[in-house]
Amino acid sequence: MRLTIIGSSGSFPGPGNPASCYLVEAGGFRLLLDLGNGALGALQHYTDIYRIDAVYLSHLHTDHCVDLCSYWVARTYPPGGRKPRIPVYGPSGVADRMAEIYGLDPDPGMTETFEFRELAPGPVRIGPISARVDQVNHPVEAFGIRLEHAGSTLTYTGDTGCSEELLHLARDTDLFLCEASFHDHRQHPKDMHLTGSEAGEHARRAGARRLLLTHLVPWNDDACTLTEARSAFAGPVELARPGAVYELGSPGDG
């Protein structure tokens, strides 16, 4: 699998960094994990947007899904006519929620362009990728996902507070793409996001081989987040940066 960071900003886009979006390529198949604010524009630096085969939305907060509206326009009204439908995986009510955001009647909403498939805990096949999803700890229905292909594994948290389910998804994963929105030294709501040290602790307990921190809120000190994570996890740790590419299953895995 090949992972490209399109955007890693948390809650809202930062300067030069769109909100959450990650391109996963495996066996010629292209999957987007989330499509947050500003991501569709940045995506065009890395691939033809009409060659995306599926979209996965971890949850329905706008910093993870709102650019699906722009993508709907791009696939519905291009010169030459509507592009073929592609699947969009998301929480319950995803089709109606996306229609509501764009001000569409829910029937048909975006269903002539996207085939919406609602997630439930358990295995799911996404093209050539074997995946497993489970609900994580967030104020709305939210899912983490584990992707496996050709012997390599990638686990993505989406947004979550501390979560035992996440530990199962990330068990012995090659690359743990983990949110780290909060700092230890600040007060913050419980059951919403992880701090850097909590991300590191989850990676350590899961036996992850490598930790990649994402959902980096623009007003935070990223160096502090990195230090916190390294205090809890002895393996390789780095910050997810737009344009960074990770090759899983190849020598060096990065």
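This is a predicted model: local features need pLDDT of at least 70, side-chain atom pairs count only at pLDDT 80 or more; totals for chains, interfaces and linings use all residues.
Pro 108 lies in the loop between α4 and β6. The aromatic pairs come to six.

- Strands of a sheet pair through backbone hydrogen bonds, either parallel or antiparallel.
- β1 and β14 run antiparallel and are joined by three bridges.
- Leu 3 has Tyr 246 of β14 as its bridge partner.

**Helix packing**

- Two packed helices are described by the angle between their axes and the distance between the axes.
- For α3 and helix α4 (residues 94-102), the axes come within 9 Å and cross at roughly 80 degrees.
- Angles of 65 to 115 degrees count as roughly perpendicular, so α3 is roughly perpendicular to α4.
- On the α3 side, the contact is made by Leu 68, Cys 69, Trp 72 and Val 73. On the α4 side, Met 98, Ile 101 and Tyr 102 make the contact.

**Aromatic rings**

- The count of aromatic pairs is six. One of them joins Phe 12 and Trp 219, with ring centres 5.6 Å apart and planes at 55 degrees. An edge-to-face pair needs over 60 degrees and a stacked pair under 30, so this pair is tilted.
- Phe 12 sits in the loop between β1 (2-7) and β2 (21-26). Trp 219 sits in the loop between β12 (211-214) and α7 (222-232). The pair therefore ties together parts that are 207 residues apart in sequence.
- Phe 12 is partly exposed, at 32% relative accessibility. Trp 219 is exposed, at 61%.
- Trp 72 and Tyr 77 also pair, with ring centres 5.8 Å apart. Their planes stand at 85 degrees, so the pair is edge-to-face.
- Trp 72 is buried, at 7% relative accessibility, whereas Tyr 77 is exposed, at 57%. Trp 72 also takes part in the contact between α3 and α4.
- Tyr 71, Phe 114 and Phe 116 form one aromatic cluster.
- Lys 83 places its charged end over the ring of Tyr 50, 4.7 Å from the ring centre.

**Backbone details**

- Ser 11 has phi near 75 degrees, a positive value in a residue other than glycine. Ser 11 lies in the loop between β1 and β2. Its relative accessibility is 40%, so Ser 11 counts as partly exposed.
- Asp 34 is another residue other than glycine with positive phi, near 65 degrees. Asp 34 lies in the loop between β3 (29-33) and α1 (39-43). At 0% relative accessibility, Asp 34 is buried.

How values were computed
Residues are numbered from 1 along each chain as its sequence is written. Side-chain values use heavy atoms; hydrogens and water are left out. Rings of Phe, Tyr and Trp (its six-membered ring) pair if their centres lie within 6.5 Å; planes under 30 degrees apart count as stacked, over 60 as edge-to-face and the rest as tilted. Helices (H or I, at least four residues) and strands (E, at least two) are DSSP runs, numbered from the N terminus. Buried means under 20% relative accessible area, exposed over 50%, partly exposed in between (1.4 Å probe, protein chains only). A charge sits over a ring if NZ of Lys or CZ of Arg is within 6 Å of the ring centre and within 35 degrees of the ring normal. Two strands pair if DSSP finds at least two bridges between them. Axes are lines fitted to C-alpha atoms, for helices over the stretch in contact, and angles run from 0 to 180 degrees between N-to-C directions. Angles under 35 degrees count as roughly parallel, over 145 as roughly antiparallel, 65 to 115 as roughly perpendicular and the rest as oblique. Contact means heavy atoms within 4.5 Å.
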